[in-house]
Amino acid sequence: GASAAKPMLSKAVGPGEAPEVRKFERRIRKLQRLAQERVHWAALDRDVLGLQPRLWMEVLDKKHRHAALLYEYWRRWQLSTTRDNFFNWLDVGQGSMIDLPRAPRRLLEEWRVIYLTPEEQPVFRVVIEESTGRFLWEAD
């Protein structure tokens, strides 16, 4: 029934906390729904339920350009009549000639996300000095 679908968290809290927890759970479910949307999958020529492009674009992009900027171009690509995949359209196709005011091409090409390997991570690890709140390189 409906009670079986409720998360275990609701059953584990005291009576005074239950309304706050339920409110928090509703918010989580809303955020989960917002993270999903119908995306047109050209290969199948149909809409499928998927994650918002902002959540996966940057990872799929071989250049790892910033997702907020990529998304503006992706929206423009959706309006085009091209049969090119998004990244080909953006880099060498008709989209390569487009410079959007809300996402300037210069920033699209300059802003990159760097994914560090486990071996690289210690070099960039930062600690916060409790007495001052300053950020310090852990490696120093």
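How accessible is E129, buried or partly exposed?

1. E129 is partly exposed, at a relative accessible area of 24%; buried would mean under 20% and exposed over 50%, with partly exposed in between (1.4 Å probe, protein chains only). Its salt-bridge partner is R134, with the closest N and O atoms 3.4 Å apart. R134 also counts as partly exposed, at 48% relative accessibility.

2. A word on the basis: this is a predicted model, where local features need pLDDT of at least 70, side-chain atom pairs count only at pLDDT 80 or more, and totals for chains, interfaces and linings use all residues. Residues are numbered from 1 along each chain as its sequence is written, and side-chain values use heavy atoms, leaving out hydrogens and water.

3. The structure holds 11 salt bridges, each being a side-chain nitrogen of Lys or Arg within 4 Å of a carboxyl oxygen of Asp or Glu.

4. Do look at R65, which is buried at 0% relative accessibility. Its side chain meets that of D61 in a salt bridge of 2.7 Å, N to O, and D61 is buried too, at 2%.

5. R65 also forms a salt bridge with E109, at 3.4 Å between the closest N and O atoms. Because E109 lies in helix α6 (residues 105-110) and R65 in the loop between α3 (53-60) and α4 (67-79), the pair ties together parts 44 residues apart in sequence. Helices here are DSSP runs (H or I, at least four residues), numbered from the N terminus. E109 is partly exposed, at 26%.

6. D61, R65 and E109 belong to a network of salt bridges that also links K63, D91, R105 and R112.

Terms used: Helix = DSSP H or I, 4+ residues; strand = E, 2+ residues; numbered from the N terminus.
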